[in-house]
Amino acid sequence: MDKEVIFHTYRENADMDTFRNKRERATRADVARLANVSTAVVSYVFNNGPRNVAPETAERVRDAAQKLNYRPNSMAKALRTGSSKTIGIIVPDLSNPFFSDVYNALENIATSRGYSAMFVASHQNPEREMDGVSKLIARDVDAILIASAQPTSALASVPRKECPFVFLDQTQAIPGAKCVSTDFRAAVQTAVQHLIDHGRTNIAMLSGKADEGLGDKRIQGWYQAFDNSTLPIGPIKQAHFTRAGGYEAMMALLNSGKQLDAIFVDSDLEAIGALRALHERQVRVPEDIAIVSFDGTIDSQYTWPSLTVVQQNAQTIGTCLFHAAIDSENTPDLQLVRASLIPRESCGCLTSTVYA
């Protein structure tokens with residue numbers, strides 16, 4: 001074997017032994033020593049510049065990094081660039097397919113732009129939500145995106161000086177933050193009008209936020225739909241945005257003796273629970289009671305009958321959230337995304353044509 005090759009192999013093995021004896025995390029200097037390059041070259045390879053590195057040299061650096069199990073120090077990079085390339089996301093409830101769809105879209109676009117997404121679950125608890133905010137700020141995230149468990153009136157107390165904040169499902173501007181939401185008011189009007197167009201005259205609403213009254217845009221849309229018609233305003237029953245909530249609320253309406261021929265439900269989860277209650281009472285859908293739901297998650301296609309929905313655009317919402325987080329100076333303070341009506345069997349329609 002050539003002496004130079006023997007020496008290089010001996011040196012590589014010696015460097016590996018030295019590193020193992022340290023029992024420490026590999027550094028950029030360790031990689032540079034093993035690859036026989038400067039630390040600057042290692043930096044160029046892992047930061048894609050600012051200077052070009054010959055392909056064979058870059059391969060040698062990556063090979064050395066793999067042997068040493070080297071991982072670039074993201075905190076040090078954040079100090080150099082002023083960006084951690086990480087966005088923090090406060091998750092209220094991942095069991096809701098709509099939130100899962102939005103966060104999948106958000107994570108995909110973040111990854112494609114070189115960002116990482118850090119999720120923290122609040123479980124709809126305001127105290128855990130604020131604790132999550134503090135933890136994400138301590139991690140030096142570039143922005144925090146949050147579907148808050150707190151009413152809009154309480155959001156002014158959320159500390160926002162440390163980094164940009166973007167609120168999901170907030171339909172009115174919040175000073176010092178960005179907001180992205182579906183246009184709930186218009187969406188509910190569309191749903192109710194569709195039921196009216198089917199000739200339904202006794203329409204009730206299952207609402208996850210009935211306790212917020214006219215402060216909620218869904219409720220505003222409900223009243224506006226009846227203002228635009230000659231029908232009496234139907235009852236609103238609280239259902240808590242869950243399957244169990246929808247089931248219990250539907251049972252309560254059936255037990256009340258109210259003569260109903262249609263229901264608007266403001267989430268697919270509630271609608272699934274409502275369908276079970278109707279089936280148990282042998283109420284035919286849509287012959288006896290028609291249903292239109294809000295969200296348009298994948299589950300709505302697999303209920304029986306399939307749910308007519310006003311579908312939120314999770315992909316557009318995720319994209320708007322990301323741009324509001326990383327390019328806040330060039331995005332509006334409030335972005336309202338339009339929903340689409342998708343008629344299916346639960347209202348009496350037999351088509352899946354999308355009406356934008």
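Author: Start with two helices. The axes of helix α6 (residues 97-112) and helix α12 (residues 314-326) come within 8 Å and cross at roughly 50°. Axes here are lines fitted to C-alpha atoms, for helices over the stretch in contact, and angles run from 0 to 180 degrees between N-to-C directions. Helices (H or I, at least four residues) and strands (E, at least two) are DSSP runs, numbered from the N terminus.

A word on the source. This is a predicted model, in which local features need pLDDT of at least 70 and side-chain atom pairs count only at pLDDT 80 or more, while totals for chains, interfaces and linings use all residues. Residues are numbered from 1 along each chain as its sequence is written, and side-chain values use heavy atoms, with hydrogens and water left out.

Back to the pair. α6 and α12 are therefore oblique to each other. Angles under 35 degrees count as roughly parallel, over 145 as roughly antiparallel, 65 to 115 as roughly perpendicular, and the rest as oblique. The crossing of α6 past α12 is right-handed. A crossing is right-handed if the near helix is turned clockwise from the far one by less than a right angle, and left-handed if anticlockwise.

Which residues of α6 and α12 meet? From α6 come Phe98, Asp101, Val102, Ala105, Leu106, Ile109 and Ala110. They meet Ala314, Gln315, Ile317, Gly318, Thr319, Leu321, Phe322 and His323 of α12. Contact means heavy atoms within 4.5 Å. By type, the residues of this contact between α6 and α12 are 10 nonpolar, four polar and one charged. Ala, Val, Leu, Ile, Met, Phe, Trp, Tyr, Cys and Pro count as nonpolar, Asp, Glu, Lys and Arg as charged, and the others, Gly among them, as polar.

Helix α10 (residues 243-255) and α11 pack at an angle of about 45°, with their axes 6 Å apart. α10 and α11 are therefore oblique to each other. α10 passes α11 in a right-handed crossing. On the α10 side sit Arg243, Gly246, Tyr247, Met250, Met251 and Leu254. Their partners in α11 include Leu269, Gly273 and Ala277. The residues of the α10 contact with α11 split into eight nonpolar, two polar and four charged.

Next, a sheet. Six strands form an open sheet with mixed pairing, in the order β7-β6-β8-β9-β10-β12. Two strands pair if DSSP finds at least two bridges between them. β7 (236-238) and β12 (340-342) stand at the edges with a single partner strand each, so one side of each has no neighbour in the sheet. From one strand to the next, the twist averages 20°. β6 (residues 203-207) pairs with β7 in the parallel sense over three bridges. In that pairing, Met205 has Ile236 of β7 as its bridge partner.

Helices lie across these strands. Helix α8 (residues 184-197) lies across β6, β8 (262-265), β9 (290-295), β10 (308-311) and β12, and runs at about 165° to β9. Helix α11 (residues 268-280) lies across β6, β8, β9 and β10, at about 155° to β9.

Pro235 sits in the loop between α9 (217-227) and β7. Is Pro235 buried or partly exposed? Pro235 is partly exposed, with a relative accessible area of 27%. Buried means under 20% relative accessible area, exposed over 50%, and partly exposed in between (1.4 Å probe, protein chains only). Leaving out residues up to four places away in sequence, Pro235 touches Ile203, Ala204, Met205, Trp222, Lys258 and Leu260.

Other strands pair too. Strand β1 (residues 86-91) runs parallel to β3, joined by four bridges. Gly88 has Ile144 of β3 as its bridge partner. β3 also pairs with strand β4 (residues 165-168), in the parallel sense, over three bridges. There, Ile144 has Phe165 of β4 as its bridge partner. Both faces of β3 (residues 143-146) are covered, with Ala143 and Leu145 buried on one side and Ile144 and Ile146 buried on the other. In a regular strand the side chains alternate between the two faces of the sheet.

Last, the whole chain. The protein chain holds 12 helices and 12 strands. Of its 356 residues, 47% count as buried.
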